[in-house]
Amino acid sequence: MIVTPQDTLRSHRQDLLRSVDSFEPTSNAPRTHRILVVDATLSMSATQQNRSRFEIAVERAEEAVNSANPGDGFTLILVTGQATAIIPGPSADATKVIEELRRLTPTHHSSDFVSTLNLVNDTISKSPKTY
């Protein structure tokens, strides 16, 4: 069997077309561990333009999730009397993060920002090196 340059070129072209058909979009941006901190304390019940500050904060957190790059991971921290990691993360499941954001409710607690900052610091220190 004699293989001509045209045969080789045709074979390479077919391989290329097969790889294009199976292409999945990815991002060249580096992965980022995004830590979302939502204040659910009493002060967030105040309203602005017929919406509570809490509703606005959740909406902005959703926007941050939706605008993230593929592969980014999320941690969700809720500030109440004591800061709580709702999603310790990093979770790359943006749908799950948005579902959890929509489940959050404001409280009548005061804030403990020392525990919040400690939890954020601990989260950053334990963040995988892949982010």
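Two strands are taken as paired if DSSP finds at least two bridges between them. Helices (H or I, at least four residues) and strands (E, at least two) are DSSP runs, numbered from the N terminus. With these terms, a hairpin joins β4 to β5 through four residues.

The model is predicted: local features need pLDDT of at least 70, side-chain atom pairs count only at pLDDT 80 or more, and totals for chains, interfaces and linings use all residues. Residues are numbered from 1 along each chain as its sequence is written, and side-chain values use heavy atoms, with hydrogens and water left out.

The pLDDT, the predictor's confidence in each residue from 0 to 100, averages 85 over the chain, and 79% of the residues score at least 70. Over residues 19-25 the pLDDT is below 50, and this stretch has zero contacts (heavy atoms within 4.5 Å) beyond near neighbours in sequence. Where pLDDT is low, the predicted coordinates should not be read in detail.

The strands form an open sheet of three in the order β1-β4-β5, with mixed pairing. Because β1 (33-39) and β5 (84-91) stand at the edges with a single partner strand each, one side of each is left without a neighbour in the sheet. Neighbouring strands are turned by 15° against each other on average, direction ignored; axes are lines fitted to C-alpha atoms, for helices over the stretch in contact, and angles run from 0 to 180 degrees between N-to-C directions.

| Strand pair | Direction | Bridges | Example of bridge partners |
|---|---|---|---|
| β1 and β4 (residues 73-79) | parallel | seven | Val37 and Ile77 |
| β4 and β5 | antiparallel | four | Leu76 and Ile87 |

Among the side chains, the structure holds five salt bridges (a side-chain nitrogen of Lys or Arg within 4 Å of a carboxyl oxygen of Asp or Glu). One of them joins Asp72 to Arg34, with the closest N and O atoms 2.8 Å apart. This pair links distant parts of the chain, 38 residues apart: Asp72 belongs to the loop between α2 (53-66) and β4, and Arg34 to strand β1.

The charged end of Arg31 sits over the ring of Tyr131, 4.1 Å from its centre; the criterion is NZ of Lys or CZ of Arg within 6 Å of the ring centre and within 35 degrees of the ring normal.
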